[in-house]
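Have the structure open as you read.

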Amino acid sequence: MVSVLVVVGGAFLLAARLGRLAAGPEPTATAAATSTASPLAVAGGTPVPAGATFASPQELAQAFIAAWQKGDYAAMYPLISSAAQSHISQADFVKRYQDIAAEMGQRSITVTLGTAAPGAMRLPIHVVRQTSRVGTLTEDNVIPIIREQGQYRVDWTPSLIVADLGDGYVRWVPVVPQRGRILDRKGRPLAELGMVDKVGVIPGQIKDENALLESLSQLLNLPKDVIKQRYANGQPDWFMPITTLPDPVDPQLAQKLLAIPGVVIRQWPDRVYPLGPAAAHITGYLTEISADELAKYADRGYEVGDRIGRAGIEAWGEQYLSGKRGGRLVIVGPDGQERKLLAEVPSQPAADIVLTIDADLQQAAYKALGDKVGSIVVLDPNTGAILAMASNPSFDPNQFILGMTPEAWNALNDPQKQPLVNRATQMAYPTGSTFKVVTMAAALEKLGMTAQTRINCPATFSLPGSSQVWHDWSPNGQGVLTLHNALVQSCDTVFYQIGAQLDEHDPNLLPQMARGFGFGSQTGLAELPEVAGLVPDPTWKRQQKNDYWARGDAVNLAIGQGFFLATPLQLADAYAAIANGGTLWEPYLVQEVVAVDGTKLYTHQPKARGTLPVSPQHLADIRSALHDVTSAPNGTAVTAFRGEKVPVAGKTGTAESGQQQPHAWFAEFAPVDGAKLAAVVMVEHGGEGSVTAAPLARQVVDAAVQAGIITQ
């Protein structure tokens with residue numbers, strides 16, 4: 001792990017008195033940001049009017065200390081000698097104190113007056129500062145007193161602010177550890193320190209400024225005034241960055257840029273995301289720390305301009321990935337040379353975060369979605385580990401490092417496409433026929449049915465006394481089917497009948513079974529935000545809709561429609577439980593956190609969040625039917641999986657979306673016996689699940705074979 005040393009410097013020297021008096025340093029971004037952020041502790045005393053008289057040196061010193069502890073530097077100024085005032089204005093005096101307090105990250109100061117002999121003119125003090133940068137900072141100093149025109153005054157020099165300051169200034173020299181990596185399960189980087197290319201201008205080498213601005217504006221798609229603003233304050237020999245480009249720069253573009261006198265391209269180390277948009281919702285991204293966050297993170301050494309994780313693992317793992325910032329608080333002379341070390345805080349290197357994600361499978365899942373809006377989730381059904389999670393539209397986290405055009409920013413915030421939203425965890429939908437496994441489980445457990453129970457599959461279904469008609473997906477109906485084949489052929493009207501029968505026995509039977517499969521509550525995924533979805537029942541409808549529960553609500557719920565909503569992750573977790581014999585695992589992304597010396601700071605232990613309320617025999621019946629969905633001649637997904645060497649169990653789903661095109665779903669696990677993966681493909685407004693989602697699910701299985709997750 002490499003430590004990147006960042007030095008903040010620069011100051012100017014004003015007139016000195018007796019070689020001791022100097023004005024304050026030039027303002028810095030850090031000083032400006034923190035000088036008013038932390039109020040100083042108040043330790044008694046009232047503002048001292050100009051011209052005040054004091055009976056003794058101790059009385060003057062106490063007044064000076066009281067104002068100092070309050071941070072009322074303006075009240076201190078009238079107490080210093082006229083000679084001192086002749087060399088530093090009140091504004092510069094106040095600024096000198098403020099800048100040093102800000103540079104230290106001073107939160108409070110306590111100054112204690114020591115004991116001195118009667119009539120002594122040099123009074124000892126003990127100074128204790130509480131700072132955000134180095135913690136507690138203590139020193140012993142002296143307040144020198146003189147008599148001036150019959151009055152006691154402080155013989156002030158800058159060394160009264162900090163001992164031995166003289167004509168120097170205080171500087172914080174931070175040491176920022178290199179940010180830790182985010183790795184896939186095989187150690188391949190998903191986020192790391194890489195190289196970018198900065199296009200910059202050296203002002204002194206410009207020959208024709210108008211030509212430079214015109215050419216750069218066209219080549220970099222930046223306004224001329226923005227370009228000029230970025231180099232205008234640079235010294236003639238300074239490299240002034242204008243924009244950042246991915247490495248390597250396109251050779252033709254580089255040739256055109258370097259042909260402009262004054263333009264230079266330099267490689268620069270920075271955060272890069274090798275998978276780009278393919279894993280963006282997992283890795284997250286970085287942006288600069290805000291003023292509010294700076295106050296929160298000041299104790300951890302963050303500075304103005306630092307970047308922190310905003311989403312995904314970058315945000316979840318900030319404490320590990322950032323390491324612990326350290327640094328040195330020093331007195332530096334006008335020549336920039338260090339004179340005295342005031343305090344030092346060691347930095348601690350960052351750690352790497354190893355994920356459960358397989359980079360190859362992740363890229364394959366994202367590629368499978370193509371331009372379709374939706375998501376793909378792949379789990380290890382034996383632990384809950386997330387092997388892949390792709391969401392589209394996506395975004396490129398590298399854009400936050402390289403900088404974005406207004407057009408790119410607008411696209412990122414498009415309220416329709418919502419590329420920043422992880423559709424696998426943050427959006428819930430009706431799931432259509434993929435829910436039928438829940439209804440079949442309720443029929444087996446609560447209605448005494450078996451897989452061989454025979455039920456008619458007519459073209460339509462209606463409740464007695466109701467004019468509402470529900471239709472099967474087959475316009476002619478499918479005849480008498482076993483419950484097994486009703487799932488294989490996805491007969492809607494069979495499941496409408498089951499939903500009505502369950503409701504007749506107890507309106508809460510089907511909702512309770514749905515919750516038993518993990519729906520209606522968050523999965524427990526710790527690293528990413530997720531929504532809970534919705535399992536409607538009579539109580540919910542009465543409270544939320546101010547309406548009674550109708551049998552038609554149960555009919556709709558039986559095929560995952562009506563008010564029911566679930567995330568793709570919830571559905572994948574439910575099918576993983578069917579695959580593994582009934583254990584609902586909490587999904588997770590972080591496998592372990594590893595320090596630079598190899599020490600494991602965190603290791604995830606799989607955690608079960610429940611057990612399916614279904615007997616082993618009934619789960620075996622459901623698995624058998626799901627296998628036939630992809631392999632039997634009458635299966636709804638047999639076309640998509642024809643020729644597949646890995647035995648796959650799955651279920652198609654086509655869910656009404658409120659628009660012309662329904663949502664397309666496919667849920668699967670493979671191999672059927674001893675499953676190594678469970679996956680869900682969801683395509684918004686994608687049409688038929690068997691046509692749109694099932695072929696993508698097959699691509700996932702094939703990619704898992706290529707990645708070595710499944711062996712044929």
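## How helix 6 begins

Let's start at the N-terminal end of helix 6, which is capped by Asp208: one of its side-chain oxygens lies 3.3 Å from the backbone nitrogen of Asn210. Keep in mind that this is a predicted model.

Which residues of helix 6 are buried? They are Leu212, Leu213, Leu216, Ser217 and Leu220. These residues cover an arc of only 125 degrees around the axis, so they sit on the same side of helix 6.

The buried residues of helix 6 pack against several elements: strand 8 (189–201), helix 7 (224–231), strand 9 (240–246), helix 8 (251–258) and strand 10 (263–272). On the face turned away from the buried side, you will find the exposed residues Asn210 and Gln218.

## Leaving helix 6

Just after helix 6 comes Asn221, with a positive phi of about 55 degrees. Pro223 sits in the loop between helix 6 and helix 7. Its relative accessibility is 41%, so Pro223 counts as partly exposed. In sequence Pro223 and Leu213 are 10 residues apart, and their C-alpha atoms are 8.6 Å apart in space.

## Two nonpolar cores

Now turn to the largest nonpolar core, which has 95 residues. Ile498 and Phe517 have the most contacts inside this core. Its largest share, 9 residues, comes from helix 22 (residues 568–580). A second, separate core has 47 residues, among them Val94, Ile100, Val111 and Leu329.

What does Phe517 touch, leaving aside residues up to four places away in sequence? Its contacts are Val437, Val438, Ala441, Ala574, Ile578, Leu584, Leu612 and Val614.

## Helix 23 and its partners

Helix 23 (residues 616–631) has 16 residues. From first C-alpha to last it reaches 22 Å, close to the 22 Å expected at 1.5 Å a residue.

The buried residues of helix 23 include Leu619, Ile622, Leu626 and Val629, and also His618, Asp621 and Arg623. The partners that the buried residues of helix 23 pack against are helix 16 (436–446), helix 17 (483–488), helix 22, helix 24 (638–641), strand 26 (649–655) and strand 27 (663–670).

Most residues other than glycine have a negative phi, and most peptide bonds are trans. With that in mind, look at the bond between Asn392 and Pro393, which is cis with an omega of about 5 degrees. Pro393 lies in the loop between strand 17 (386–392) and helix 14 (399–402). Another cis peptide bond joins Ala670 and Pro671, with omega about -15 degrees; Pro671 is in the loop between strand 27 and strand 28 (677–683).

Ser490 has a positive phi, near 55 degrees, and belongs to the loop between helix 17 and helix 18 (492–505). Asn546 has a positive phi near 50 degrees and is in the loop between helix 20 (538–545) and helix 21 (551–557). Buried or exposed? Ser490 is buried, with a relative accessible area of 5%, whereas Asn546 is exposed at 71%.

Definitions and conventions
Residues are numbered from 1 along each chain as its sequence is written. This is a predicted model: local features need pLDDT of at least 70, side-chain atom pairs count only at pLDDT 80 or more; totals for chains, interfaces and linings use all residues. Side-chain values use heavy atoms; hydrogens and water are left out. Buried means under 20% relative accessible area, exposed over 50%, partly exposed in between (1.4 Å probe, protein chains only). Helices (H or I, at least four residues) and strands (E, at least two) are DSSP runs, numbered from the N terminus. The arc is that of the directions from the helix axis to the C-beta atoms. Contact means heavy atoms within 4.5 Å. A polar contact is a pair of N or O atoms within 3.5 Å; within protein, one must be able to donate a hydrogen and the other to accept it, and residues adjacent in sequence count only if both atoms are side-chain atoms. A nonpolar core is a set of buried Ala, Val, Leu, Ile, Met, Phe, Trp, Tyr and Cys residues joined through side-chain atoms within 4.5 Å. The expected span of a helix is 1.5 Å times one less than its number of residues.
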